[in-house]
Amino acid sequence: MNPAYATVDHTFTVPLDHGVPGGPTIEVFAREVADPARAGDELPWLLYLQGGPGGKSPRPSAGSPGWLAHALKTHRVLLLDQRGTGRSTPVTARSAARFASPEALAGYLAHFRADAIVADAELIRRELCGDTPWETLGQSYGGFITLSYLSTAPEGLRACYVTGGLPGLTATADDVYARTYPRVRDRVLAFHARYPEDARRLRRIADLLAAGDVRLPDGDRLTPRRLRTLGLALGMGDGFERIHWLLDESLDADGELTDTFLHQVTALTGFADNPLFAVLQETLYGQGAGPTGWAASRAMAGFPEFAEDADPLLLTGEMMYPWMFREIRGLRPFADAAELLAARTDWPALYDPRRLAANEVPLAAVVYHDDMYVDAGLSLCTAREVGAARVWVTNEWEHDGLSASGGRVLGRLMDLAAGRVTDR
């Protein structure tokens, strides 16, 4: 029992493949959270769908995001560890290494997309709520899951809230990354404009790494291309400062990289606690339209400003590359399976455009105008194609507006869905 929250832990046994209910099973964990003063009340359920992919739900604490406190005023919240994350039969480098072959591992990982998460959620809802529908809050990738939910089981939903996560319904991986690189470029150049000395320091560090064999604490070699993956943080509200202060302590008086810097780079770029984020990143866009085929890597060739010898040096963002699965210790056990997933051509559809067009479940979404990760243009196109959707567009926050705003973003979305305010 957390002093600020009344919590109940739940563990559910679910099929690995919901199409084969008698086959292998995995466990899915979820934590029920309520205001202690209302723990005994009959409250509507709000299912939280974490961003990612591959991210576990937040753990309630004194430092929990403000949206949770806001939600608990009116709801009982279920913090779901999506399959493969947290306490839900986690997928790790160690567990991946136990598979007999890359084919077996790739087959297993193919069951960890949004459609399977929705099937898990429906099984859990029926166990906790019976036939009563619940509400969902989808952050980032959680919004992708929400659209899959509305496509396959809208009868389980009373209202849906999405923050920075309306996907392009028919967008391929190539479509997504063609739009992503320009947004990342602009974000990095804005960072360089704010901290011009950091731009020079990044170039200096990259040259140092290219000229010698610099090892991270876990034994991996730090290369210029791995250095550039630090740019993943720049899409968050505090991203500029996180990278700035990291670089501020990167070099000692002799011009050598500091232990502090190398330790932090290991943690930020190693995927030790979330390999699924890298493994599943491009599978999010696989819907039977051919292989995803390392789309981010292919797309980079069309943007020469991202060359490793370019000056200023541009960091990369939410892109995964084949080399990462050979050079990063936490991803190596997935390397051959990742190649198989990238070559797969028979991914099932994740969204049903016809059903979404006829949707009657209230859907309230915030689209962050300057979102580095999720393209606002694709999001707005989707909003026009989904029935009962109301969208609020803002540039007040970056991709982490749900947590950074206290309860303001969630409160406005709840008001939008209920018709208490307009989206203008």
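These exercises work through the cores, a helix pair and the salt bridges of a predicted model.

**Exercise 1. The core**

Task: Find which residues touch the most other members of the largest nonpolar core.

Solution: 
- The core holds 115 residues.
- Trp134, Tyr181, Phe261 and Phe325 touch the most other members.
- Helix H6 (residues 173-194) supplies the largest share of this core, seven residues.
- Now take Phe261. Its contacts beyond four places in sequence include Ile205, Leu222 and Leu246. Glu249 and Ser250 are also among them.

**Exercise 2. Two helices**

Task: Classify the packing of H6 and helix H7 (residues 196-211).

Solution: 
- The angle is about 110°, and the axes lie 4 Å apart.
- Angles of 65 to 115 degrees count as roughly perpendicular. H6 and H7 are therefore roughly perpendicular to each other.
- H6 contributes Phe191, His192, Ala193 and Arg194 to the contact. H7 contributes Pro196, Asp198, Ala199 and Leu202.
- By type, the contact has five nonpolar residues, one polar and two charged.

**Exercise 3. Salt bridges of Asp220**

Task: Trace the salt bridges that Asp220 forms with Arg226 and with Arg332.

Solution: 
- Arg226 and Asp220 pair with their closest N and O atoms 2.9 Å apart.
- The N to O distance between Arg332 and Asp220 is 2.6 Å.
- Asp220 sits in the loop between H7 and helix H8 (224-228). Arg332 sits in the loop between helix H13 (324-327) and helix H14 (335-343), 112 residues apart from Asp220.
- Buried means under 20% relative accessible area.

Terms used. Residues numbered from 1 in each chain as written. Predicted model: local features only at pLDDT ≥ 70, side-chain atom pairs only at ≥ 80, totals over all residues. Heavy atoms only, no water. Core = buried A, V, L, I, M, F, W, Y, C linked by side-chain atoms within 4.5 Å. Buried < 20%, exposed > 50% of the residue type's maximum accessible area, 1.4 Å probe, protein only. Contact = heavy atoms within 4.5 Å. Axes fitted to C-alpha atoms, helices over the stretch in contact; angles between N-to-C directions. Parallel < 35°, antiparallel > 145°, perpendicular 65-115°, else oblique. Nonpolar A, V, L, I, M, F, W, Y, C, P; charged D, E, K, R; others polar. Salt bridge = Lys/Arg side-chain N within 4 Å of Asp/Glu carboxyl O.
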